[in-house]
Amino acid sequence: MTVEPRIGDVVGELLRDTLAVASGVGPRPLVGGRLPRPVIEIIERDDGLINGAPAAHYLDGPQDWQPYDHRAVDRARGETLDIGTGAGRIALLLQERGVPVTGLDTSAGALAVSRRRGVRQLVYGTVDTHVADGQRYDTFLLLGNNLGLFEGRERAPVFLAALAALARPGAQIIAHGTDPYGTRDPVHTSYHERNRSRGRLGGQLRLRLRYRELSTEWFDYLVCSAEEFASLVHGTGWRLTDVDDRDKPYYLATLRLAD
């Protein structure tokens with residue numbers, strides 16, 4: 001009999017265990033004895049592809065970041081919303097620099113880890129639900145490849161409208177994305193073609209995350225070229241003003257709220 005995983009807070013659970021392994025404080029997953037087991041995030045795609053990645057990088061300090069992370073954080077100004085804050089690595093550095101920052105996440109467990117690590121201002125929810133809180137921001141950060149939260153053609157304008165409702169005049173969005181089309185791996189190129197045949201963007205992923213006995217619900221996550229992203233932004237209240245692709249295939253897209 002095949003047993004499906006239980007739906008739960010995958011991100012919160014794996015970040016809690018990652019912090020326990022790194023700090024030596026709290027219950028840790030063990031390798032049959034006293035040695036802590038590395039925490040692995042499992043990413044399952046809807047075509048059956050399964051990848052695993054160590055979760056320790058979610059706790060990385062600035063000394064271990066990629067150059068584009070540093071360039072993105074250097075552009076933050078004014079009241080800043082770190083969307084998908086996770087374990088709070090970006091928010092912690094901004095706090096140290098005196099930048100007023102709020103971390104937003106849909107994982108209660110992730111927010112608990114961020115709080116334990118010292119992030120002071122945290123909000124549980126989505127950008128849509130946060131609109132009702134009445135807060136307004138000058139900078140929105142979507143780092144750690146979180147341009148993916150745009151999901152696809154249907155969600156992108158709704159997502160941008162929510163950010164516009166949260167924005168102060170002249171606000172900016174800085175989003176980290178990845179161009180998926182440099183690969184020649186047939187596992188990925190055939191997936192791109194399958195997506196296009198269904199009217200989706202080639203790199204529009206359908207995923208669920210898994211950790212131990214838990215799974216998320218299936219969700220869309222967008223991996224797209226800068227050109228595709230520009231087409232999603234066109235006609236909204238935002239303008240794509242800069243694409244920094246010095247670290248191809250990764251790029252930083254900067255958007256500004258139109259006057």
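**Questions on a predicted structure**

Q: What is the relative accessible area of Phe-140?
A: Phe-140 counts as buried; buried means under 20% relative accessible area, exposed over 50% and partly exposed in between, with a 1.4 Å probe and protein chains only. This is a predicted model, in which local features need pLDDT of at least 70, side-chain atom pairs count only at pLDDT 80 or more, and totals for chains, interfaces and linings use all residues. Residues are numbered from 1 along each chain as its sequence is written, and side-chain values use heavy atoms, with hydrogens and water left out. For Phe-140 the relative accessible area is 0%.

Q: Which residue forms an aromatic pair with Phe-140 at 6.3 Å centre to centre?
A: Rings of Phe, Tyr and Trp (its six-membered ring) pair if their centres lie within 6.5 Å; planes under 30 degrees apart count as stacked, over 60 as edge-to-face and the rest as tilted. This pair has 80 degrees between the planes and is edge-to-face. The partner of Phe-140 is Trp-238.

Q: How many residues apart in sequence are the parts that Phe-140 and Trp-238 tie together?
A: Helices (H or I, at least four residues) and strands (E, at least two) are DSSP runs, numbered from the N terminus. Phe-140 belongs to strand S7 and Trp-238 to strand S12, so the pair ties together parts whose separation in sequence, in residues, is 98.

Q: Which are the edge strands of the open sheet of seven strands?
A: Two strands pair if DSSP finds at least two bridges between them. With mixed pairing, the order of the sheet is S6-S5-S4-S7-S8-S13-S12. Each edge strand pairs on one side only, and these strands are S6 (122-124) and S12 (238-244).

Q: Which residue of S8 is the bridge partner of Leu-142?
A: Strand S7 (residues 137-142) and strand S8 (residues 167-178) pair in the parallel sense over five bridges. In S8, the bridge partner of Leu-142 is Ala-175.

Q: At about what angle does helix H6 run to S8?
A: Axes are lines fitted to C-alpha atoms, for helices over the stretch in contact (heavy atoms within 4.5 Å), and angles run from 0 to 180 degrees between N-to-C directions. Helix H6 (residues 155-166) lies across strand S4 (80-83), S7, S8, S12 and strand S13 (250-257). Its angle to S8 is about 140 degrees.

Q: Which residue has Arg-45 over the face of its ring?
A: A charge sits over a ring if NZ of Lys or CZ of Arg is within 6 Å of the ring centre and within 35 degrees of the ring normal. Arg-45 lies at 3.9 Å from the ring centre of Tyr-191.

Q: Which residue is joined to Lys-248 by a cis peptide bond?
A: Omega of this bond is about 10 degrees.

Q: Is Arg-212 buried or exposed?
A: Arg-212 is found in the loop between strand S9 (204-211) and strand S10 (214-215). Although Arg-212 is not a glycine, it has a positive phi of about 50 degrees. Because its relative accessible area is 59%, Arg-212 counts as exposed.
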